[in-house]
Amino acid sequence: MCMLAGAILTSFANVKVKEVSGSYTYYIPYNVARDKAEQIALERAMLQALEQEFGTILSQATRMDMRSSKEGENVDFWSSAQSLVKGEWIETIGTPKFEPFIEDGGFAIRCEVRGKAREINRARADLDVKVLRNGTADTDETSTFLSGEKCYLAFTTPVKGFLAVYLEDEQKNMNVMLPYYSQSITCTPVAPGIRHVFFTSSDGDKEQYVMQTDKEVERNIIYVVFSQNKFVKPIDKSTGKELSLKTLSSDDFHRWVNKARALDDTFQLVTLPVTITSKIE
């Protein structure tokens, strides 16, 4: 959950939305916390599902090895894996399943996930998107938060375009992070070749965001919407609660996404799962 601080279309260009599933076993290094391990396993299970259904842009000789081992793994390779698969994740079906276990004296966790996805069959702008925690440098990139920590977003595009950012909570509410609550615009313009950092100020029409949960662990998804063409975001409403964001339902959001894709071949949806963990008192 993020707070202020202070009938689906199934084809486009002959590409259908498909139901996919994937699994991934992550062997947990000694210095990785349980919530971080679950997040890594989830992200890689999603990638495995996309690779299995749609393939990659790699040659057969250099095909992705969707495995982890007790001996370690190539972190740099994994960081670029999302740009190598020929599919994109649209939405998650149900709740991902996690199974922790011990093997040969070491800890591991297996994740199984189901969702809807579609093939990528066109060239797209190469976006650089990072979720940041408690700071605005690239070194602050994360996918895990403790409740009460601040969230920022760094975004760079090679082409002029327009942006919107949403956070989906566990109740399937889509919280509008960008455009800002006080803005009346339908999407945020972004210039090319500039590292934009959002959610850094509480002055004027800008806001800061704090990740909050009253659960032991909460899993949310940040969706970054980008297009080279100006778009009109879906209808959202204010909840009337203090420090709350404008919201809409997950179903309404995904229906809008699929309609937008049908009309705009520059439309992109970047999916960034995040985990929020309660602080231990």
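Residues are numbered from 1 along each chain as its sequence is written. In this predicted model, local features need pLDDT of at least 70, side-chain atom pairs count only at pLDDT 80 or more, and totals for chains, interfaces and linings use all residues.

**Exercise 1. Find how many helices and strands the chain has, and what share of its residues is buried.**

Step 1: Let's start with the secondary structure. The chain has 3 helices and 16 strands. Both are DSSP runs numbered from the N terminus: helices are H or I with at least four residues, strands E with at least two.

Step 2: Next comes burial. Of the 281 residues, 49% are buried, where buried means under 20% relative accessible area with a 1.4 Å probe, protein chains only.

**Exercise 2. Work out how strand 9 (residues 161-168) sits in the structure and which strands pair with it.**

Step 1: Look at burial along the strand. Since 8 of the 8 residues of strand 9 are buried, the strand is largely enclosed by the rest of the structure.

Step 2: Now check the two faces. Gly161, Leu163, Val165 and Leu167 point one way, while Phe162, Ala164, Tyr166 and Glu168 point the other way.

Step 3: Find the partners, remembering that two strands pair if DSSP finds at least two bridges between them. Strand 9 pairs in the antiparallel sense with strand 14 over 7 bridges, with strand 10 (residues 173-178) over 4 bridges and with strand 11 (residues 188-190) over 3 bridges.

Step 4: Pick out one contact for each partner. Alanine 164 stands opposite valine 225 in strand 14, leucine 167 has asparagine 175 of strand 10 as its bridge partner, and glycine 161 has valine 190 of strand 11.

Step 5: Finish at the turn. The hairpin of strand 9 and strand 10 has 4 residues between the strands, and there lysine 172 takes a positive phi near 65 degrees.

**Exercise 3. Describe the second largest pocket: its volume and its lining.**

Step 1: Its volume is about 300 Å³. A pocket is an open set of points on a 1 Å grid over the protein atoms alone, where a 1.4 Å probe fits, with protein on both sides within 12 Å along at least five of seven lines; lining residues have an atom within 4 Å of a point.

Step 2: The lining has 16 residues, and Gly94, Pro96, Glu170, Lys172 and Arg219 lie nearest the centre of the pocket.

Step 3: Helix 1 (34-54), strand 4 (87-103) and strand 14 (217-227) each give two or more residues to this lining. The largest share, 5 residues, comes from strand 4.

Terms used: Heavy atoms only, no water. Points joined across faces, edges and corners; volume = space filled by probe spheres on them. Buried < 20%, exposed > 50% of the residue type's maximum accessible area, 1.4 Å probe, protein only.
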